[in-house]
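Here is a short briefing to read alongside the model. Take a look at the fold, and then we can walk through a few of its features together.

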Amino acid sequence: MNKILTFDELNNLAEKLADYSCENTVIALIGDLGTGKTTFSQHFAKRLGIDENIKSPTFNYVLEYLSGRLPLYHFDVYRLGEAEEIYEVGYEDYLEVKLNYHGEDTREVELRYIGNEAKEKEMLEYVGFSYWYSN
Ligand SMILES: Nc1ncnc2c1ncn2[C@@H]1O[C@H](COP(=O)(O)OP(=O)(O)OP(=O)(O)O)[C@@H](O)[C@H]1O
Ligand SMILES: [Mg+2]
């Protein structure tokens with residue numbers, strides 16, 4: 001599902017996905033330079049109740065934030081030496097949030113649940129995308 005969102009709508013989506021997430025939810029947050037990955041992560045973490053400031057895990061393999069409703073393990077996949085190492089993180093299906101630059105004030109977001117159609121439907125309904133989808 002693709003949708004053009006304003007920054008406010010994007011922040012709202014990050015918060016809804018935080019509410020939707022449960023233990024072991026894996027989210028792949030993908031986007032070119034400056035598309036809003038860090039801002040998205042900050043809104044997501046804040047909604048989980050994490051009070052620390054979210055940074056890019058540039059010098060660390062993973063940053064852990066343990067002060068919220070769920071523990072958040074923030075990996076920078078660019079740091080993984082081999083693509084296959086991602087499997088060591090351990091996951092079956094994952095939520096994919098892809099941010100594409102779309103002018104100054106908006107971004108195109110692509111939202112999918114890879115490997116689980118039932119969860120995809122549930123998640124799109126939860127965040128209110130099924131409404132857009134059917135319209
Ligand atoms: N949700 C948002 N609300 C307001 N501004 C935003 C939002 N997302 C992105 N921006 C704008 O885009 C800029 C880059 O955002 P951000 O740093 O989150 O991107 P990034 O994908 O983490 O970039 P990088 O790849 O360089 O780390 C921000 O400084 C801001 O101007
Ligand atoms: Mg960033």
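The buried residues of helix 1 are Leu10, Leu13, Ala14, Leu17 and Ala18, where buried means that 20 or more other C-beta atoms, placed from the backbone, lie within 10 Å of a residue's own. They share the same side of helix 1 because they cover an arc of only 140° around the axis, taken from the directions from the helix axis to the C-beta atoms. This is a predicted model, in which local features need pLDDT of at least 70, side-chain atom pairs count only at pLDDT 80 or more, and totals for chains, interfaces and linings use all residues. Residues are numbered from 1 along each chain as its sequence is written, while chains are lettered from A and ligands numbered from 1 in the order in which they are written.

**Helix 1**
- Strand 1 (2–6), helix 2 and strand 6 (106–114) are among the elements covering its buried residues, with contact meaning C-beta atoms, placed from the backbone, within 7 Å.
- Helices (H or I, at least four residues) and strands (E, at least two) are DSSP runs, numbered from the N terminus.

**Ligand 1**
- The residues around ligand 1 include Phe7, Leu10, Asn11, Lys37 and Ser56, each with its C-beta atom, placed from the backbone, within 6 Å of the ligand.
- Helix 1 (7–20) and helix 2 (37–48) each give at least two residues to this shell.

**Whole chain**
- There are 5 helices and 6 strands, in the order β-α-β-α-β-β-α-β-β-α-α from the N terminus.
- Buried residues make up 16% of the 135 in the chain.

Key. A residue is buried if 20 or more other C-beta atoms lie within 10 Å of its own, exposed if 12 or fewer, and partly exposed in between; C-beta atoms are placed from the backbone. Two residues are in contact if their C-beta atoms, placed from the backbone, lie within 7 Å.
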